[in-house]
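Reader: I've got a protein model open and I'd like to learn how to read its backbone and surface. Can you walk me through it?

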Amino acid sequence: MTDETPLNALFDPCSVAVVGASDNPAKWGYWLAKGALSGRGRRAVHLVNRRGGALDGIPFRPGLAGLPDAPEHVVVAVPAPFVRPVVAEGLAAGARCFTVITSGSDSADEHGLAELVTDGGARLLGPNCMGLVDTTTQLRLSWGEFPVGGVGLVSQSGNLALEIGRLLARAGQGFSRFVSLGNQRDIDAADALESLVAHEPTRVIAAYVEDFRDGRRLARALAAAHAAGKPVLLLTVGRSPASTGAAASHTGALVSPYATVAAVCREAGSLLLESAGELVDTAVCLLSTAASQPVSTAASQQASGAASHRGAETFRVAVVGDSGGQGALAADAFAVRGLAVPELSAGTTDEVAAVLPPGAGCRNPVDLAGAGEADLGSYARVARALLVGGDADAVVLTGYFGDYASANPAQSARECEVAHELADAASESGRALLVHTMARDTPALAVLRRRGIPVYERIEQAATALAGIARLARPSMDPAPTRRASSPVPDGSYETVRDLLSTYGLTFPAARFVTTADEAVDAAQLVGYPLVLKAMGLAHKTEAGGVALGLSDAGALRAAFRRMRAATGAERFAVEAMAAPPYAHELIVGVRRDTAFGPVAMVGLGGITAELLADTALALAPLTTARARALLAELRHAPLLTGWRGAPPVHLEAAAAALCAVARAAAEHPELAELEVNPLLVHPGGAVALDAHAVLL
């Protein structure tokens, strides 16, 4: 890839040429040409088809060579054998950017095409892509409808983009820009994301990415978007547990590509979602002029004020409904997603009570108890009281509002007036207002959407959107600097890995390495009883019968040696001092080298139950001490480390230092595919590594 040629020619070219233009609506060339012609008021448009023809009175030209001006952006929609000649002709004609819709014949062919383009000083989008759209520059070079709005979308799936577009349109929103990545032979996801960060009309960035290419650069793009105040909502694949084979270590099983992407999103302040629906629901909430700022502020306070991002119920939601059942279910929906549904202050309760009839529920959730039916203005007055009361960061109206005109058209005008009053209250309070309604596409709902109030058909949509946004503002934390190690690790054995990690400051028990029972007994005199005997050369020693604990004398040691050699066939053994400090807990610390993101550090509850518990936290390696401490705090079982039920806390600084040591060692030794310490015994006095293992590339 090259950054020398700016992407202005991609998104706002002075001229466009569509090669493979057609007058047949059944062909891609028709829609590309039709879309290109829609921007004729802004740029020159040339339609090329060597067989001739015309579209909308514009004649097709036989080739690029004879055009009256250089085609700055060339769209290629011809059969695969003709792509390379067209690109060569375009380069000769002065083209600066190519969008290749056609799929290459094979990977080598596509790489050769990219090399041809970039060597010519141009950029390539695709091949095998659906094109691009920029609604702010009248550029439409794709098939399908793209509603106008504030979402910039980067996608490796064309159909998913169309689905997102239709969902946005139903919610009254749309796209600022859409980029179909295709096979990313030159312009990739990071390029597209960086362009959206700099694109002022884009307020929310959405992305579907399967192949992350240079993951570290993409992570920097995500962090840049966060710093620019542009939330990134990401979709990817890989949540299924299927794998191609058994992992060589616990780390290999626990650090999946999907978990890595999730960790990168958390670090960069982005949000990893699970479906197009979730993405659109969240985007609609973020695009709400009344909702985006207070939600971001509250989320920032949540991220900075809590030791852990999990279960920190500091984002507060007030619920008001015209049905007790709907209000209660709404409160549950928010609570189970980690949001607080707090008690209202006495002042707010009094304000609400003054609006409602006697016997109405004035606590959170607020039950209108028929007040809305008696006076539609009650909706706005109660919502305003909750918005300005200061007890909640967001207010959710759930139930019937928006549907009164469906049953009684005479109420349409008044319902629209109240919709404006609701929007005014949200705008003036500076807090988020979301509406869940059983209605669909009524005049009052059109008013709410036009005024920037998110409207949802199901309460779980509103709950998921707010819960997601509350996770967005987690502070970005950059990896620590690193250097290249002077010498590689000769093998992945415990002995050599132990030596390596010791140079990074990790503590191990005293040990000697032996090959015979007599040598083991002699070593025990130096190490001291009780001790541990370990068989070398096994990735999972305990499962294979390669570990004997608490050996108290020479007889027990010899017996364990015989059993272990027979069970494992090992030829080399470790005689190691037994470490059993009180109030200790076992952690697993590992690093796995991801093909896209490089070394990824992991810490979790360890020992033989590491995979069973699957309580882990991940981050890009190497780590700062602060980031290591934060990872420890993210664990579900973190209270065990900080002192559970009167037990003294473990030495968290020592645990964090050990995590940093393993992460740095792996980052500085690129010959390591995996590096693992399991268990790392953490206790009130410090941290000691009891076993270590590495997998070489």
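Reader: Where is Pro-365 found?

Author: First, some ground rules: this is a predicted model, where local features need pLDDT of at least 70, side-chain atom pairs count only at pLDDT 80 or more, and totals for chains, interfaces and linings use all residues. Residues are numbered from 1 along each chain as its sequence is written, and side-chain values use heavy atoms, leaving out hydrogens and water. Now, Pro-365 sits in the loop between α13 (346-355) and β16 (366-367); helices (H or I, at least four residues) and strands (E, at least two) are DSSP runs numbered from the N terminus.

Reader: What kind of peptide bond joins Asn-364 and Pro-365?

Author: Here's the general idea: most peptide bonds are trans. The one joining Asn-364 and Pro-365 is cis, with omega about 10°. Another cis bond joins Gly-126 and Pro-127, with omega about -5°. Pro-127 lies in the loop between β7 (123-125) and β8 (131-134).

Reader: And phi? What is the value for Asn-128?

Author: Most residues other than glycine have a negative phi. Asn-128 has a positive one, near 60°, and belongs to the loop between β7 and β8. Arg-645 isn't a glycine either, yet its phi is positive, about 55°. You'll find Arg-645 in the loop between α25 (638-642) and α26 (652-667).

Reader: Is Arg-645 buried or exposed?

Author: Buried means under 20% relative accessible area, exposed over 50%, and partly exposed in between (1.4 Å probe, protein chains only). Arg-645 is exposed, at 77%, while Asn-128 is partly exposed, at 37%.
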